[in-house]
Amino acid sequence: MCGFVGFFNTPNVDCDRVIRDMADAIAHRGPDDADYYQDGVLSLGFRRLSIIDLEGGRQPILNEDGTKVLVFNGEIYNYQELREDLLAKGHTFRTKSDSETILHGYEEYGKDILQKLRGMFAFVIWDKTEGRLFGARDIFGIKPFYYYKKGDHFLFGSEIKSFLSHPEFEKELDESQIPNYLSYEYLPNEQTLFKNVFKLPGAHCFTYEHGQLTVERYYRIRYQIEEDKTLEQWEDLIQQEFTESVAMHQIADVEVGCFLSSGVDSSYVAKEISKGTEKVKTFSVGYEEEKYSELPYAQELSQVIGVESIANKVSADEFFDAMPEIQYFMDEPLPNPSEIPLYFLAKNARKYVKVVLSGEGADELFGGYPMYLQGGHFMDYTHKVVKPVRKLAGGVARHVKGMKGRNFLMRGAREPWQRFMRANYVFTDPSERQKYLKAPITTDLPETYSKRYFDEVPELDEPTALQYVDMHTWMIYDILLKADRMSMANSLELRVPFLDKKMLELSCRIPTRYRADHKTETTKKALRGAALKQLPESTATRKKLGFPVPLSDWLCQDKYYEKVKKAFTSEIAEKFFVTEELMKLLDDHKEGRALNMQKIWSFYTFILWYKEFFVKEQPVNLLKEA
């Protein structure tokens, strides 16, 4: 696991100094080593966290004749198999690393090598002879990739903050995107809050040649449901594939640990890794406030399955004090409160190991969120009631407050993309955003940004379509973003065995009723069944908590209320927001008149993030400072 940066050289730029400064800005991603490549046209920088082939495996890596060079972030779990194939075809390897396999694979197969890779990755390959830069991101988007394109300038790298060191990078806020951020808590497409900075989507590759950028998708998620298997057969198939995936995700030349919460996903990972690893260490995090802490459940399970449990607790002071640093590491504001305990969890784990396995992705692949169950109910409703009647019922419900089932009838009158809950995650009524914003909203309604994903899969039932959309928005731009940033902020490699190509292909064959069964209100039905054969019933059937945080309670306490109040009445807040409305949100929450935690935290997060990137002279290199 590492980080890389690069740019095409331009006149009047000290390329040697700039590439080193850019790499230093992401030194937390790779504190073990640094190296560079320059040829007069392109500059590449690399920071390494040594996991495989500790002595060799330095990057950038060149091919035999020096005409192609690679920088790569991630892990390829089937690299040994690919290596044998390439050796048989006459390729010569200088290292035992997985990264060199990609380089020779590209020589042999061109961009078709992407179809053969099993792992998490972001990489670029520079073909000096052809003057062509080729890059790609893994099918889920586990590893990040950003690029800046304006005029003749093209910069790229693992984190946006590295671009700040380049003299031709124009740091500009795209204020028009703030409304979308306030609805989703992230931007649901390739755009970022920095003008001219974009995310390469998961399952996409690009070519940059003669100043022209071409981006294309190389992999599509396809559901091919099989109705000929029983629930028990699906459970057995999940267990079989998951055993293999966990084994592959343990490949390393350093010790591998595991994150462990109270939920079935991380518990299943911990149980599986414990089968083949002696004295495996598990890491958990909690709070002094017992009702929010998952530690008792995690520690109980660790005793049952016989693994070492290492835990830490986060105080309210630590939580609030870490926020500016965390938003710096995030690159873009992310008001998901679970990122803070995840940061401290990773920080503690890094004292013991360099690699951890975690349970991200199980919900999206196997049907773990309650909204998938709601999708099932809407599916039944739309099949039974014709659209004109649904629209009539929705119209009546809109005008009758307090009516039983009012919200269901109103949402049932809409199309699935219009009632997509993630689009209005923070503000259930998107029109409400305007009263907090000084600038008029010029972007479309938030749900229109998700419609493109629904349109890609019109044949899917609603629960499955929701999973598909989540994998292309929520998972990549929220769940995986915080997982990568919070682990790499602490120089810790986080691996996600549920997000494996074969696990995905298996999940796409399972009928909806064995994923999110709305008839019995059971999420992850087949996955829970598989886990039940390995874990105590209380763990396998426990409802999802998802890093619960006592933030709502803390915001009612004077000390933390005052912290947020200071931000809400600051010059930054005055620049973008109607501060009187912000204070009303905060006061209503403190006095118990409303539950406004998510809205408050979204504004507060943006203000802290803006201060880090647009008020401070230059974000500090936190690794060097430490």
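Pro60 is located in the loop that runs between strand E3 (42-48) and strand E4 (61-62); helices (H or I, at least four residues) and strands (E, at least two) are DSSP runs, numbered from the N terminus. A cis peptide bond, with omega of about 0°, joins Gln59 and Pro60. The model is predicted, so that local features need pLDDT of at least 70 and side-chain atom pairs count only at pLDDT 80 or more, whereas totals for chains, interfaces and linings use all residues. Residues are numbered from 1 along each chain as its sequence is written, and side-chain values use heavy atoms, with hydrogens and water left out.

**Backbone geometry**

Most residues other than glycine have a negative phi, and most peptide bonds are trans. Ala203, in the loop between strand E10 (197-199) and strand E11 (204-209), has a positive phi near 65°. Ala203 counts as buried because its relative accessibility is 5%; buried means under 20% relative accessible area, exposed over 50%, and partly exposed in between (1.4 Å probe, protein chains only). His210, which is not a glycine either, has a positive phi of about 55°. His210 lies in the loop between E11 and strand E12 (212-217) and is exposed, with a relative accessible area of 68%.

**Strand E6 and its partners**

Strand E6 (residues 119-127) is largely enclosed by the rest of the structure, because nine of its nine residues are buried. On one side of E6 the buried residues are Gly119, Phe121, Phe123, Ile125 and Asp127, and on the other they are Met120, Ala122, Val124 and Trp126. E6 pairs with strand E5 (residues 68-76) in the antiparallel sense over nine bridges; two strands pair if DSSP finds at least two bridges between them. Ile125 in E6 is the bridge partner of Leu70. E6 also pairs with strand E7 (residues 132-137), in the antiparallel sense and over six bridges, and here Asp127 stands opposite Arg132 in E7. The hairpin of E6 and E7 has four residues between the strands, and Gly131 takes a positive phi near 65° in this hairpin.

In soluble globular proteins, nonpolar side chains tend to be buried together. The largest nonpolar core has 183 residues, and those with the most contacts inside it are Phe123, Phe259, Phe319, Phe320, Phe568 and Phe606. Helix H24 (residues 597-615) supplies the largest share of this core, 11 residues. A nonpolar core is a set of buried Ala, Val, Leu, Ile, Met, Phe, Trp, Tyr and Cys residues joined through side-chain atoms within 4.5 Å. Leaving aside neighbours within four places in sequence, Phe606 is in contact (heavy atoms within 4.5 Å) with Leu173, Ile178, Tyr181, Leu193, Pro333, Phe576 and Phe577. A second, separate core of 20 residues includes Leu42, Val71, Tyr147 and Phe154.

Helix H9 (residues 339-349) is mostly covered, with 10 of its 11 residues buried. Among the buried residues of H9 are Glu339, Tyr343, Phe344 and Asn348.

**Salt bridges**

Side chains of opposite charge can pair when their charged atoms come close. A search of the whole structure finds 53 salt bridges, each defined as a side-chain nitrogen of Lys or Arg within 4 Å of a carboxyl oxygen of Asp or Glu.

| Salt bridge | Closest N and O atoms |
|---|---|
| Glu272 and Lys275 | 3.2 Å |
| Lys563 and Asp321 | 3.7 Å |
| Asp363 and Lys524 | 2.8 Å |

Asp363 lies in helix H10 (residues 362-366) and Lys524 in the loop between helix H17 (501-507) and helix H18 (525-532), so this pair ties together parts that are 161 residues apart in sequence. Asp363 and Lys524 are both buried. Salt bridges with shared partners join Arg29, Lys143, Glu159, Lys161, Asp331, Asp484 and Arg485 into one network.

Glu272 and Lys275 both lie in helix H6 (residues 264-276), three residues apart, about one turn of the helix. Glu272 is buried, with a relative accessible area of 5%, whereas Lys275 is partly exposed at 45% relative accessibility.
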